[in-house]
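Please follow the model below from its helices to its sheet and then to the loops.

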Amino acid sequence: MILPAVTELLIIQDRDRKLRQLNTELKNAPHERKALEAKLAGTAAALDAAKLRAKEIEVKRKELENSVGSLNERISKYENQKLGTKKNDEYQAFDHQIETLKKEIAGLEDQELALMEAAEAQKVVIAAADKAASETRGMVERQIADLDSKIKAIGGQREEITAERAKLAAGVDEDLLDTYQRLFDKKDALAIAALANEICQGCHVKAQTHIVHAVKSAKDVTHCLNCGRILYLET
Ligand SMILES: [Zn+2]
């Protein structure tokens, strides 16, 4: 048997715990939203970085292309000058310079080829980053929408529970309600604890025999001698 006043307090405690839970969820919502937005920004930044890398590769490749172009111009110039000379040593000198430039061009073209391969590889990286970014965007947008509707629902639930709680509290003795409130605030949202197998479920200490009897008889509000919580017999 449970004292009727304690039964009422148990219902109030249930509502208070629900309110506390809802308030925690409301408090955490901005952090949740920030974390989601950070996730989104992270994948977008990865995509930007991958695209930037592709641009850098292309710029380098163009530079090499221009260098090859100007070396080829110099070769043409030497070829023309070579045609105009009749001296054998000058002729050989031009040939030697042309040969040196051709070697230089070959080296640059090797670098260009490597960059073209890097550009191809970068396309794969960009495609993967793009896919990850759009998947994350879709997921985060859904989660933010869920969060928004949850916050909206919490507003209504809070109002409902608060109104119900006020009605319940109006029927409880004022001093008892004060005691309950103090315990609820101090004892981690558990002011009313069950006594199960003679053990207080709030502090897990065995109750003395006279306390067990008092709780069983349910004639008065009985507190745990160890933690001070109001006890009721678990049925
Ligand atoms: Zn206790």
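Helix H1 (residues 4-84) and helix H2 (residues 88-170) have axes that come within 5 Å and cross at roughly 165°. Helices (H or I, at least four residues) and strands (E, at least two) are DSSP runs, numbered from the N terminus. The axes are lines fitted to C-alpha atoms, for helices over the stretch in contact, and angles run from 0 to 180 degrees between N-to-C directions. H1 and H2 are therefore roughly antiparallel to each other, a term for angles over 145 degrees, with under 35 counted as roughly parallel, 65 to 115 as roughly perpendicular and the rest as oblique.

This is a predicted model, in which local features need pLDDT of at least 70, side-chain atom pairs count only at pLDDT 80 or more, and totals for chains, interfaces and linings use all residues. Residues are numbered from 1 along each chain as its sequence is written.

H1 passes H2 in a left-handed crossing; a crossing is left-handed if the near helix is turned anticlockwise from the far one by less than a right angle, and right-handed if clockwise. The residues of the contact of H1 with H2 comprise 42 nonpolar, 11 polar and 26 charged. Here Ala, Val, Leu, Ile, Met, Phe, Trp, Tyr, Cys and Pro count as nonpolar, Asp, Glu, Lys and Arg as charged, and the others, Gly among them, as polar.

Ile154 is a residue of helix H2. Leaving aside neighbours within four places in sequence, Ile154 is in contact with Leu22, Glu25 and Leu26, where contact requires C-beta atoms, placed from the backbone, to lie within 7 Å. Ile154 and Glu25 are 129 residues apart in sequence, and their C-alpha atoms are 8.4 Å apart in space. Ile154 counts as partly exposed because it has 16 C-beta neighbours inside 10 Å. On this scale a residue is buried with 20 or more other C-beta atoms within 10 Å of its own, exposed with 12 or fewer, and partly exposed in between.

The strands form an open sheet of three, in the order E2-E1-E3 and with mixed pairing. Two strands pair if DSSP finds at least two bridges between them. Strand E2 (199-200) and strand E3 (230-233) are the edge strands, each pairing on one side only. Strand E1 (residues 192-196) pairs with E3 in the parallel sense over four bridges, and Leu195 stands opposite Leu233 in E3. E1 and E2 pair in the antiparallel sense over two bridges, with Ile199 in E2 as the bridge partner of Ala196. The hairpin of E1 and E2 has two residues between the strands, and Asn197 there takes a positive phi near 55°. Helix H4 (residues 209-217) lies across E1 and E3, running at about 65° to E3.

Two loop residues remain. Asp188, in the loop between helix H3 (174-186) and E1, has a positive phi of about 55° although it is not a glycine. Asp188 is exposed, with 9 other C-beta atoms within 10 Å. His204 lies in the loop between E2 and H4; His204 is not a glycine, yet has a positive phi of about 60°. With 11 C-beta neighbours inside 10 Å, His204 counts as exposed.

Technical notes. Two residues are in contact if their C-beta atoms, placed from the backbone, lie within 7 Å.
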